[in-house]
Amino acid sequence: NDGVADGDDSDPFDNFICGDTDGDTCEDCSSGYTDITDDGWDYDGDGACDAGDDDDDNDDALDDADSEDNNEFVCSDDDSDSCDDCSDGSYGLADDGDDNDGDGWCNAGDAYPDCAYDNANDSSVYPEQIDVNPYDECGNCHGDGFTADCVSNNNCNNMDCAGECGQANQMDDCGECDDSTNTDCIDLSLEFHAGANLVSFYALPEDISISSIFSEFENGAGLIGEGVGAVNLDGTWIGSLTEIAQDDGYWVKVSDAATLSVTDADPVNYDADGEVIYDIHYGNNLISYPYQTAQSPSEALGDAAANVYAFAGEGMAALNTMDGWMGSLQALEGGKGYWLVATDDFSFSFNGIGTGLTRTGRQPDLRPVPEVYSYAQSSHQAFYFVNSATINGEFLENDDIIVAYNRDVVVGARYWNGVFTDIPAMGNDGEEDFSGYCKQGDKVNFRVLDASTGIFVEMEAEGNIEWIESGITVINLTDKFLPTELSLSNAYPNPFNPVTMLTYDVPTNMAISLGIYDVRGRLVEELVNDMHDQGRYEITWNADQHSSGVYIIKMTAGTAVKVQKIMLVK
């Protein structure tokens, strides 16, 4: 009567014996009735009785090596550190108890839990897995809470802000009390090349006056902010700019390379209560970048990017397009200043406050152009973003160089690097080195050194090429058509009311006259009468002051004459 038919029962006359159908080495009828779930003691409840279970308490220590096979918290002390290897319910030497100094020996068995080893150079007295030299690269105990950081007061005798030994917030040399090395005061060093340098300060000393920070600068050095400036005259700084601000950028002008050193500078923007807030107005804003760690414009701006049209640094720029940021400016860097071009008035703070700054890396070096196309960095600059550029219908390649000219003076150059390549165009800042550079209203012209042919190609620009200080313009470039014969194309539209356009080709340097005549041969209006270089020209005639009728266009170049009829219909 053990619930198993006699034919299947290994002993039909004994109700405590019937067989072992589940193969766990325990009799299925050990309880007097067949039940494989109750066929013997099963400590860990895994369905296998202890007699047939190699690990009764499921602590990963097999029964033959387990000092208490029905206790998952007790099994062994294989590392001889006085802590049970299963103290957390599972076998493991690395997690068998609290270990303040991280040396692999639990506190309970560690005679020197704070790194004060008497035999630190004699590993033979410790088990193999014990790290007898648990110090970080600064020589600090792993248990002090500052494993990865090297700061002057980081050791096993840390003094917290209350003046007591401990691991709490630490006081830095500038009187800052927190546990972040980002807020510790630093010695700031900025390198300046001869000429104009666009800079900012992510850390400042207590005295932020121009006369203090730039006390070692030479006579004649200049400092320019947005709408303010100062100049050093015989050791005295004179001008409306008197103090450095964390949210502003500056042009620093020096005649020779120089280094600016600022000791005990406090990077207050890393503090939650020192976050730099920028109040931006529409148009161009000369601002700082308040962090030492570089970030891309998209990372640094976050949602504020919706109000930003472009960034311009020293000789490089980035344009905010539908496809992301384009241009040679790829990273905002500590110590650099930037022009932010805003589409509206708004306020923002750069992303990056706290411990987790996104690390983009430094701004890539720009590919230097040949010396013949070099130019001086001016504190007055503009940028032309070339959306597309073609020669004979073919797009430019990476070895082609776009050169910007003001008349015949090189004012900027850049290797083609794809859609929206930014071409700088430097302006005249009044110094001798910038003679012939751009002034407000000048027309910038462009030429391309075609690397495949070695030919210097004149380019025509679609878009506004008028130079405007701090201007950001998008243009397209195509090779300029150079005609080989004199021609006058058909006026368009024709008939017209009251404006029509005339196109004519000049094959070489020559005098051109072009006039409008009535049907009686009388001159109605003279449109052109001067010397022309080789090229294609366009001119419009507005006939709103003339009556309807047929008129004659007559173009004369030397002995050659071109004529055509046009009709004004009002």
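This is a conversation about selected local features of a predicted model.

Me: Let us start with Y289. Where is Y289 placed?
Reply: Y289 sits in the loop between β11 (283–288) and α2 (297–301).

Me: Is Y289 buried or exposed?
Reply: Y289 is buried, because its relative accessibility is 0% and buried means under 20%.

Me: Which residues does Y289 touch, not counting those up to four places away in sequence?
Reply: The contacts of Y289 include S200, Y202 and Y278. Others among them are A294, Q295 and A300, together with L332, E333, G334, K336, Y338 and F350.

Me: How many residues apart along the chain are Y289 and G334?
Reply: They are 45 residues apart along the chain, and 6.0 Å separates their C-alpha atoms.

Me: And what does the side chain of Y289 reach at 2.6 Å?
Reply: The side chain of Y289 reaches the backbone oxygen of T293 at that distance.

Me: Now the pocket. What is the volume of the largest pocket?
Reply: The largest pocket has a volume of about 660 Å³. Its lining comprises 27 residues, and E314, G315, M316, L366 and Q377 lie nearest the centre.

Me: Which elements give two or more residues to that lining?
Reply: Those elements are β15 (337–342) and β20 (409–415). The largest share, three residues, comes from β20.

Me: How many of the lining residues are charged?
Reply: Eight are charged, alongside 13 nonpolar and six polar residues.

Me: G315 was on that list. In which hairpin is G315 in the turn?
Reply: G315 is in the turn of the hairpin formed by β12 and β13, which has four residues between the strands. The phi of G315 is positive, at about 75°.

Me: How many residues of β12 are buried?
Reply: Four of the five residues of strand β12 (residues 308–312) are buried, and the strand is mostly covered.

Me: What does β12 pair with, and in which sense?
Reply: β12 pairs with β15 in the antiparallel sense over four bridges. Three bridges also join β12 to strand β13 (residues 317–321), again antiparallel.

Me: Which residues are paired with A310 in those strands?
Reply: A310 stands opposite V341 in β15, and its bridge partner in β13 is L319.

Me: What else is β27 joined to?
Reply: Six bridges join β27 to strand β30 (residues 549–557), and the two run antiparallel. G515 stands opposite K554 in β30.

Me: Which backbone atom lies 2.9 Å from the side chain of D518?
Reply: The backbone nitrogen of R522 lies 2.9 Å from a polar atom of the D518 side chain. Leaving aside neighbours within four places in sequence, D518 is in contact with V524, Y551 and I552.

Me: Changing topic to cis peptide bonds. What is omega between Y492 and P493?
Reply: Omega is about -5° for the cis peptide bond joining Y492 and P493. The peptide bond from N494 to P495 is also cis, with omega near 5°.

Me: Where are P493 and P495 found?
Reply: P493 is found in the loop between β25 (487–488) and β26 (499–506), and P495 belongs to the loop between β25 and β26 as well.

Me: Last topic: what is phi for D234 and for N392?
Reply: D234 has a positive phi near 55° and is not a glycine. N392, also not a glycine, has a positive phi of about 55°.

Me: Where do D234 and N392 lie, and are they buried or exposed?
Reply: D234 lies in the loop between β6 (229–233) and β7 (236–239). D234 counts as exposed because its relative accessibility is 69%, and the limit for exposed is over 50%. N392 lies in the loop between β17 (381–391) and β18 (394–395), and N392 is exposed with a relative accessible area of 68%.

Notes: Residues numbered from 1 in each chain as written. Predicted model: local features only at pLDDT ≥ 70, side-chain atom pairs only at ≥ 80, totals over all residues. Heavy atoms only, no water. Buried < 20%, exposed > 50% of the residue type's maximum accessible area, 1.4 Å probe, protein only. Contact = heavy atoms within 4.5 Å. Polar contact = N/O pair within 3.5 Å; in protein donor to acceptor, adjacent residues only side chain to side chain. Pairing = 2+ DSSP bridges. 1 Å grid on protein atoms, 1.4 Å probe; cavity = no way out; pocket = protein on both sides within 12 Å on 5 of 7 lines; lining within 4 Å. Points joined across faces, edges and corners; volume = space filled by probe spheres on them. Nonpolar A, V, L, I, M, F, W, Y, C, P; charged D, E, K, R; others polar.
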